[in-house]
Amino acid sequence: MSPLTRREFVHGMAGILLLPLDRTEPQLVLYNANFFTMNKRLPKAEAVAIADGRFLAVGSSEEVQALATSRTTRIDLGGKTVVPGFIDAHSHPASAGLSHLRMVDCDLRSIAAIQAALRERADKTPPGQWVLGFKYDDTKTAEGRFLNTGDLDAVSTQHPIFVEHRGGHTAYVNSLALQEAGVSEETPDPPGGRFHRDPTTGRLSGRMEERASDLFTQQIPSTVTRSDRREGVKLISRMMTRTGVTSVHDAYGTPEDLQAYQDAQEAGELGLRVYCLIGSAQIDRMMAAGIRTGFGNEWVRVGPMKMTCDGSISERTARLSQPYIGRPNDYGILVTEEAELYERARKAHEAGWQIGIHANGDVAIDITLRVYERLQRELPRRDPRFRIEHCTLINDSLVERIRALGVIPNPFSTYVYYHGEKMREYGAERLNSMFAVRSFLDAGVPVTMTSDYPPGPFEPMMALQSMVTRTDLRGNLWGPRQRVTVEEALRVGTVHGAYASFEEKLKGSIEPGKLADLVVLGRDPTQVEPSSLIDIPVERTMVGGRWVFEA
Ligand SMILES: [Zn+2]
């Protein structure tokens with residue numbers, strides 16, 4: 001709950017919203033701007049007053065400026081558009097930050113560019129030590145083929161090299177890495193994994209699928225220290241806030257990640273707020289300490305328990321009721337049995353935890369809903385706000401069950417735009433029921449905005465464009481029935497994200513008493529061509545009344 005009194009009142013005909021405080025002197029006034037407040041009582045405003053990291057007043061420039069004293073800092077925003085800070089309700093910031101710190105970012109447009117980036121790192125790395133890469137995506141390189149051992153041997157034969165795919169399910173290695181992991185042409189495929197072979201020669205190609213990468217990751221010395229983790233958080237916080245993200249839900253945090261967020265916050269290096277889902281394997285020690293969802297403060301808070309039901313959308317392993325296009329016997333995979341999901345969820349539900357289960361395909365969503373429905377039948381809890389992480393492929397009856405139970409779906413917001421080439425395997429018709437923001441909104445379900453970064457880009461302006469246009473970066477349209485308006489997409493990315501973490505009284509809109517988290521945009525997103533939303537510059541980001549990014 002907000003420590004401030006909630007008694008707001010409407011003052012005068014012009015509709016200024018004011019918070020009666022003991023201390024009514026604003027430290028900061030932002031005026032002459034075009035505020036989209038997301039507050040239904042006063043949807044548009046020109047100015048805000050801020051004190052102690054929260055909004056004190058919202059209204060016209062004249063009204064709000066009248067509250068300023070000689071000690072108040074006043075900033076003229078020159079008519080710019082301001083929206084509440086964006087909430088990315090499912091991403092992996094702590095681990096992504098660490099990856100950015102230790103690994104080469106292979107999100108590049110050719111194999112030659114990837115080789116050059118890896119070579120630069122190898123040149124700075126003592127021979128024999130690993131060179132690591134991540135965010136590699138074969139569909140985004142000019143060559144349109146997979147990296148192979150030859151490509152990576154050309155980078156270095158003195159360093160073992162290991163490159164992860166952006167989707168996280170395959171990896172690519174050089175000859176020295178194969179040698180270090182003891183993998184030869186004779187090595188059989190490990191359980192749950194596969195060594196990919198060149199179809200013409202039958203020899204190892206250097207591509208490792210699923211559990212086959214474990215043989216390599218086991219060889220890579222884990223030298224991550226507590227201060228590395230803090231540095232990783234600092235780095236990702238800078239990267240995300242410059243795009244307008246002010247809150248994230250870390251979708252698979254560990255106690256070490258929580259520590260890193262807290263360390264960064266104490267050191268003044270955390271620019272965004274974190275709601276941290278905890279993996280079910282890690283939850284026992286926290287439960288033993290009496291911790292449950294909601295523990296923490298407005299910067300770092302313990303979120304739900306996280307579990308996984310099925311496979312991935314970007315790597316085409318989600319569990320579907322109808323097969324993938326072009327693979328008539330492939331329906332995807334289930335990762336955890338329903339009985340196990342239920343047992344673990346019951347324990348967490350009883351202990352007062354919110355629950356978030358990763359379910360992409362319609363079969364997995366059905367299983368997850370059965371678990372949630374059973375929990376509420378057997379152990380009814382008021383307002384449990386069950387979450388379905390991704391909740392990608394829906395149908396009318398699933399949406400109705402989601403609505404009836406008050407479940408929060410967290411679909412990928414940048415996939416249509418960024419991962420368009422992967423959508424062919426789902427097919428044009430099925431896309432009308434995927435990332436189904438329109439269907440959720442029509443049913444009154446508080447669907448959120450998410451990136452799942454690293455697999456999906458986190459830029460909120462890309463998410464807006466993707467949700468509004470349903471068009472990919474090559475201009476292909478995917479599932480036009482799920483289009484929403486810019487205003488709706490903004491609400492999804494702000495108000496709904498706050499609700500998903502039980503923080504709707506604290507953030508998500510610009511209104512008195514709420515945290516002063518906002519984004520100044522270079523253009524009004526409701527006044528531009530929807531296909532150019534992505535080009536709107538983020539000029540400044542404020543979190544808790546402090547600028548955390550200024551262009
Ligand atoms: Zn995720």
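This is a predicted model: local features need pLDDT of at least 70, side-chain atom pairs count only at pLDDT 80 or more; totals for chains, interfaces and linings use all residues.
**Close-up 1. A zinc ion is held by two histidines and an aspartate.** The donors are NE2 of His90, NE2 of His92 and OD of Asp452. Their distances to the zinc ion run from 2.0 to 2.2 Å. Along the sequence, the donor residues follow the spacing H-x1-H-x359-D. His90 and Asp452 link distant parts of the chain, 362 residues apart. His90 belongs to strand S10 (residues 86-91). Asp452 belongs to the loop between helix H15 (437-442) and helix H16 (460-469). Are His90 and Asp452 buried or exposed? Both are buried.

**Close-up 2. Helix H2 is largely enclosed by the rest of the structure.** The helix spans residues 93-102. Why is it called largely enclosed? Seven of its 10 residues are buried, so the rest of the structure surrounds most of it. The buried residues are Pro93, Ala94, Ala96, Gly97, Leu98, Ser99 and His100. What do they pack against? Their strand partners are S10, S11 (104-105), S12 (131-136) and S17 (245-253). Helices H7 (226-241) and H8 (255-266) also pack against them.

**Close-up 3. An open sheet of seven strands pairs in parallel.** The strand order is S10-S17-S18-S19-S20-S21-S22. Which strands stand at the edges? They are S10 and S22 (408-410). Each has a single partner strand, so one side of each has no neighbour in the sheet. From one strand to the next, the twist averages 25°. Strand S21 (residues 387-390) pairs with S22 in the parallel sense, over three bridges. Within this view, Arg387 stands opposite Ile408 in S22.

**Close-up 4. Aromatic rings pair up, and some form a cluster.** The whole structure holds nine aromatic pairs. One of them joins Phe146 and Tyr172. Their ring centres are 6.1 Å apart and their planes meet at 25°. Planes under 30 degrees apart count as stacked, so this pair is stacked. Phe146 lies in the loop between S12 and helix H4 (149-153), while Tyr172 lies in strand S14 (residues 170-173). The pair therefore ties together parts that are 26 residues apart in sequence. Phe146 is partly exposed, with a relative accessible area of 33%. Tyr172 is buried, at 0% relative accessibility. Tyr453 and Phe458 make an edge-to-face pair, because their planes are at 75° and their ring centres are 4.8 Å apart. Tyr453 and Phe458 are both buried. Ring pairs also link Tyr136, Phe146 and Tyr172 into a cluster.

**Close-up 5. Leu67 meets residues from elsewhere in the sequence.** Leu67 sits in the loop between helix H1 (61-65) and strand S8 (73-76). Leu67 is partly exposed, and its relative accessible area is 26%. What does Leu67 touch, leaving aside its neighbours within four places in sequence? The contacts are Ile16, Leu18, Pro26, Ala49 and Ala57. Ala49 is 18 residues from Leu67 along the chain, and their C-alpha atoms are 7.8 Å apart.

Methods. Residues are numbered from 1 along each chain as its sequence is written. Side-chain values use heavy atoms; hydrogens and water are left out. Donors are N, O and S atoms within 2.8 Å of the metal (3.2 Å for Na, K and Ca); water is not among the atoms, so sites may look incomplete. Helices (H or I, at least four residues) and strands (E, at least two) are DSSP runs, numbered from the N terminus. Buried means under 20% relative accessible area, exposed over 50%, partly exposed in between (1.4 Å probe, protein chains only). Contact means heavy atoms within 4.5 Å. Rings of Phe, Tyr and Trp (its six-membered ring) pair if their centres lie within 6.5 Å; planes under 30 degrees apart count as stacked, over 60 as edge-to-face and the rest as tilted. Two strands pair if DSSP finds at least two bridges between them. Axes are lines fitted to C-alpha atoms, for helices over the stretch in contact, and angles run from 0 to 180 degrees between N-to-C directions.
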